Amino acid sequence: MNFSALIPLMAMLVQLWPYSLSMRNHSAQNPDLSFTGVRRVKRGWLWEPLFATEEQVSLGPLYIGQLKSDLDKQDGNLEYILTGEGAGSIFVIDEYNGKIYVTQKLDREKKPFYSLKAKAINRSTRLPVEPESEFIIKVRDVNDHEPQFLDGPYVATVPEMSPEGTSVIQVTATDGDDPSYGNSARLLYSLIQGQPYFSVEPKTGVIRMASQMDRETNDQYLVVIQAKDMVGQPGAFSATATVTINLSDVNDNPPKFQQRLYHMSVSEEAPVGTTVGKVFAEDSDIGENAAMNYSIEGESSHVFDIITNNETQEGIILLKKTVDYESKRRYSIQAKVVNKYIDERFLKEGPFEDKTIIKINVEDADEPPVFTSENYVMEIDEGAMKGSLVGVVTARDPDDDDSPVRYSIVQSVPLKRLFSINEHNGTIITTKPLDREIASWHNITVTATETRNPEKISEANVYVQVLDVNENAPEFPKYYEIFVCENTISGQLIKTVSAVDQDDSAEGHHFSFSLAPEATNNSHFTVKDNQDNTAGIFTSKSGFRRQEQFFFYLPILIQDNGTPRLTSTNTLTVTVCNCDTEVNTFYCRYGAFLHSLGLSTEALVAVLACILILLVFFLAIVTIRQQKKKSPFSEKMEEFRENIVSYDDEGGGEEDTEAFDISALRTRTVMRTHKPRRKVTSEIHSLYRQSLQVGPDSAIFRQFISEKLEEANTDPTVPPYDSLQTYAFEGTGSLAGSLSSLGSNMSDADQSYDYLADWGPHFKQLAGMYTSHRSVGD
């Protein structure tokens, strides 16, 4: 076999292991076949360790070991055969001595082992001398791969001012070599860039803080980590990775005002809520660590306020209460700023707050007049005479020039009619007497205007109360219906009455009731004052007779407690009813009604009966008249009304029989068939003049009328079914003759109009027109 043509082998370490189930079975069947180390005691295979070194270059195949039978006598009679993975291509065997060679470069990362079989046969007989044995060639690793950082680039974040030794991030590199053999895959980490701030653990790749760092100084660092295999020994492979480490913020810096003293100003006209100015405190931290709150300390906190703008972190000074230049012209306030979120770890560095002084000057402005009170309450007695004093309002100009003030009432027209004000001194008087019962309160708005600057106006409310004067006497609140039975006994309560008064009383109303003096002696009733603004009406005798007296009129005196005391007389009407003890209101009212009419019950019944009889008689007459007016042909009349067609055409006179088509009057679909009719129109035209002398006895007229009558009689569908057709004829005695235009086809030249003059004075103008027309034509 020519081994010199094989590819030079790359140095590689190879170990040949006996690994065959057949060999193990063979050894079990032959107890004499056992191994001590790599050599059996008796008959069988002899194995030798097979080694090859990687990176070793040779001109021929690389020898890695030999397998040999103990029956081999070195006479060339045995032949060694190798089969399995790579046999004949990667691995070759010398068939005479059993030496095994590797002919190609092996890569453990691609294929870590090969499974092969070996056997020895007799060249002559071609029979196996040794049984077939399976073994594995395992490829030993050499350092042929560089470490790799597969997860890079790395980014990590760590809080600033973290203590030394704080873990930041762990970086990990991988090596394709075999970690179970040698040091090819054993890595060692080291820090190339990042000292003295960071350190790395050599075996784990954990990066740690080496010192405290301030984010405000530098917020980002670039750290370079190196990983070496072979535990960093010479000739080892290496790789590097870059780690970006960001420092996150913590609240380790207090806020600081930019100025120790601020100057601001505000006008005395500024309304509440006006922005006076802004202050700002700087904080080197960011985010919520830079959030802060502003506040005002001192006595001026009730005049000014400060709020925080959460977006800009500015303190905004606001006017909390209006200021007055004339009262105080300058304010000094102290503003304070404090961080919202404080990290207790850094409290030892000092308080996280700051203070500043703000000087605020009040600017003078032309202010409107100021009333001594925003609301005035005044009183006046009702009925006071015109010009009576109501009260005085006062306003002054708060400015230094003290401008004079002019007063006026700016309310509705009715109030102007009731009150007036002196524009110089603010005195309010009445212009007419006031009535409390109409309005007990009046609301007036009074204005004060600077005379030098009319635009400066202020207002005040004046509430005028009209005090009550006892001018209305008490009276009954309603009309009382009082009934008493004929059998009522003496001392019986028949009604309880009360009183009202339109006046007001500061102490409350108190009314007293009594009988009028004129009714005290001869009255059948008494009045008892209940001392609670009510009184009871009692009978003072037993038994009443309606025939003697139907109504009793009881005058009651009601007096109030006002000043002066007022008394009124109110009359109660007591009606006597026909009852024993209990009053039936309906029958009592009924009896009173009859008594007022002067009728008895029997008379009233008779009157009602007469009225009822007259009403029935009247309804009967109306019904009879309606019966007579009803037409016996109402149904046919309805049909006629539905089929009336109106034409607004001028006809040709009594001789024009074709002027109208009465077929439109027919409501049925069956149309009559017209019989052929003689054309008598020309004959009528020619005999027009003669008919005036001939009359209706002419054969032509008789024939025409007979024909029309026959048509009407033979047509059962034309309405009305009994039709009367009239053809009027002037007669031979008419001076005018016929006015029909049926003879208009005759020329004017053939006609004589002289007869028009004989028609009388009514046709004089017509005769003149035709006579003149004919003369002109001639």
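Predicted model: local features only at pLDDT ≥ 70, side-chain atom pairs only at ≥ 80, totals over all residues.
Residues are numbered from 1 along each chain as its sequence is written, and side-chain values use heavy atoms, with hydrogens and water left out. Local features need pLDDT of at least 70 and side-chain atom pairs count only at pLDDT 80 or more, while totals for chains, interfaces and linings use all residues.

The structure holds 15 aromatic pairs, that is, rings of Phe, Tyr and Trp (its six-membered ring) with centres within 6.5 Å, where planes under 30 degrees apart count as stacked, over 60 as edge-to-face and the rest as tilted. Select phenylalanine 257 and tyrosine 294, whose ring centres are 6.1 Å apart with planes at 55 degrees, so the pair is tilted. This pair links distant parts of the chain, with phenylalanine 257 in strand E18 and tyrosine 294 in strand E21, 37 residues apart (strands are DSSP runs of at least two residues, helices H or I runs of at least four, numbered from the N terminus). Both phenylalanine 257 and tyrosine 294 are buried, where buried means under 20% relative accessible area, exposed over 50% and partly exposed in between, with a 1.4 Å probe and protein chains only.

Next, select serine 300 in the loop between strand E21 (292–297) and strand E22 (304–309). Serine 300 counts as buried because its relative accessibility is 9%, and, leaving aside neighbours within four places in sequence, it is in contact (heavy atoms within 4.5 Å) with Tyr331, Ser332 and Ile333.

Finally, go to leucine 612 in helix H4 (residues 601–629), which is exposed, with a relative accessible area of 53%.
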